[in-house]
Amino acid sequence: MATFSFFRTAFAAGWLLSSAAQAAPIQFTDMLGNTVQLAGPSQRAVTLPMPAASLLMSLDGGPKHLAGMHPNAYGVMKGGLLARLFPATAHLRTDITRSGFAPNIETLLQIQPDLVWQWGHMGQDLIDPLRNAGLPTAALLYGDESQTREWIRLIGQSLGQQDRAQAQLRWREQVRADISAVVRHIPPQQRPGVLYLARLEPQLRASGSASSFADDIALAGGRNVAHTLGNGQTVNIEQIMVWAPDVILLNNFEPGLTPDTLYNNPLFADIPAVRARRVYKVPLGGYPWDPPSQESPLYWQWLSLLLHPDHFHWPLREHMSHAYRTLYGHTPDQTQLDAILHLKQNQHSASYERFH
């Protein structure tokens with residue numbers, strides 16, 4: 001497969017070209033169709049959407065031009081790789097929300113950002129206070145792969161890092177093409193049923209067809225057993241028993257949730273994925289791999305290895321090392337790779353030794 005060599009070459013070119021980014025005025029159209037004008041590449045951005053902070057850092061080579069981020073984004077970052085790589089993130093403002101994604105205008109006026117990124121699909125109540133306060137604002141929409149690609153393009157443009165953004169986009173496209181070239185030859189009856197368990201507590205939640213999680217599963221050669229649902233919909237254990245998933249993926253947003261949680265719960269004992277020990281905690285690198293992010297190509301490779309070990313043979317740890325060096329300027333050591341892959345949490349799950 002040509003993915004890795006392509007990725008390395010493309011990012012190397014992007015890094016060199018990005019260093020020549022010019023401080024010319026920047027204008028772009030956000031995902032709600034609004035025109036955004038900047039005097040030059042953004043120098044003090046604030047990111048309310050959780051994935052945007054680490055994405056910005058991957059496009060900019062660090063947090064130098066990040067002035068604030070959603071508190072939950074830093075909460076995820078604090079326990080992972082990026083906080084160790086970039087200790088300056090501990091000093092960024094995270095008191096930029098009142099609740100959820102509602103902006104704290106008083107704090108934002110103190111920070112004086114030159115651009116605020118905000119979700120655009122949650123209503124004007126999250127956008128209008130920013131614009132009414134005179135804060136330059138750009139909206140992102142959450143959804144499928146095409147929208148994630150637009151995040152990368154727009155944030156890259158705002159930073160004057162179009163070349164690095166294009167390199168990320170080409171990497172995504174190449175990995176998807178490499179996986180699709182294999183999966184298209186796998187008969188439907190050989191594709192395992194997969195459940196992405198979006199939440200275990202306080203209620204079981206699964207993600208259906210209208211989600212990036214469904215796209216991830218289909219790309220890697222699985223069948224989303226919850227395809228009739230919406231995104232993050234409440235389900236019960238009886239429904240999961242009817243679905244009888246062959247593989248269960250666990251989210252990264254419930255601390256302490258591991259495959260052993262399900263293996264030791266009698267309610268899950270008769271589910272095929274539990275009987276076969278095919279429950280896996282999704283890795284967490286610069287950002288959790290389960291939601292869409294700059295690290296999605298690594299997630300797609302990891303998932304394809306789990307679902308079809310006889311068809312895929314990526315040297316994933318090698319790919320991770322090169323990806324993190326390119327995205328964040330750091331080559332993780334073996335202990336850090338183990339932690340990203342949740343080797344300890346997944347140690348009792350079938351065939352996970354292949355990720356050692």
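**Entry 1: terms and model**

I take helices (H or I, at least four residues) and strands (E, at least two) as DSSP runs, numbered from the N terminus. The model is predicted, so local features need pLDDT of at least 70 and side-chain atom pairs count only at pLDDT 80 or more, while totals for chains, interfaces and linings use all residues. Residues are numbered from 1 along each chain as its sequence is written, and side-chain values use heavy atoms, with hydrogens and water left out.

**Entry 2: the whole protein**

I counted elements and found 15 helices and 14 strands. I then looked up the radius of gyration, taken over C-alpha atoms; the globule rule is 2.2 Å times the number of residues to the power 0.38. For 356 residues a compact globule would have a value near 21 Å, and the protein, at 20 Å, agrees with this. The C-alpha trace spans about 60 × 45 × 35 Å along its principal axes.

Next I checked burial, where buried means under 20% relative accessible area, exposed over 50%, and partly exposed in between (1.4 Å probe, protein chains only). Of the 356 residues, 58% are buried. I also looked at contacts (heavy atoms within 4.5 Å). Among those between residues at least 6 apart in sequence, 64% join residues at least 24 apart.

For charge I counted Lys and Arg as positive and Asp and Glu as negative, leaving out His and the chain ends. The place of a charge is NZ of Lys, CZ of Arg, CG of Asp or CD of Glu. There are 27 positive and 28 negative side chains, and the centres of the two sets lie 3 Å apart.

How many residues of helix α2 (residues 50–60) are buried? I found eleven of its eleven residues buried, so the helix is mostly covered. Met-50, Pro-51 and Asp-60 are among them. After α2 comes Gly-61, with a positive phi near 80°.

I compared this with helix α9 (residues 212–219), where six of the eight residues are buried, so the helix is largely enclosed by the rest of the structure. The buried ones are Ser-212, Phe-213, Ala-214, Asp-216, Ile-217 and Leu-219. I traced what they pack against: α8 (162–183), β9, β11 (223–224) and α13 (296–307). Just after α9, Gly-221 has a positive phi of about 95°.

**Entry 3: a strand pair**

I followed strand β8 (residues 137–140) one side chain at a time. Thr-137 and Ala-139 point one way, Ala-138 and Leu-140 point the other way, and all are buried. In a regular strand the side chains alternate between the two faces of the sheet. Two strands pair if DSSP finds at least two bridges between them. Strand β7 (residues 115–119) is joined to β8 by four bridges, and the two run parallel.

**Entry 4: backbone exceptions**

Most residues other than glycine have a negative phi, and most peptide bonds are trans. I listed some places that depart from this.

The peptide bond from Glu-201 to Pro-202 is cis, and its omega is near -5°. Pro-202 sits in the loop between β9 (193–199) and β10 (205–206).

Ala-244 is not glycine, yet its phi is positive, near 50°. I placed Ala-244 in the loop between α10 (237–243) and β13 (247–250). Its relative accessibility is 29%, so Ala-244 counts as partly exposed.

His-342 also has a positive phi, near 55°. I found His-342 in the segment after α15 (334–340). Is His-342 buried or exposed? Its relative accessible area is 8%, so His-342 is buried. Leaving aside residues up to four places away in sequence, His-342 touches Asn-252, Lys-281, Val-282, Pro-283, Leu-284 and Tyr-352.

**Entry 5: Arg-354**

I stayed in the segment after α15, where Arg-354 is found. Arg-354 is partly exposed, because its relative accessible area is 34%. Which residues does Arg-354 touch, not counting residues up to four places away in sequence? I noted Leu-305, Pro-309, Phe-312 and His-313. I also checked Pro-315, which is 39 residues from Arg-354 along the chain; their C-alpha atoms are separated by 9.9 Å.
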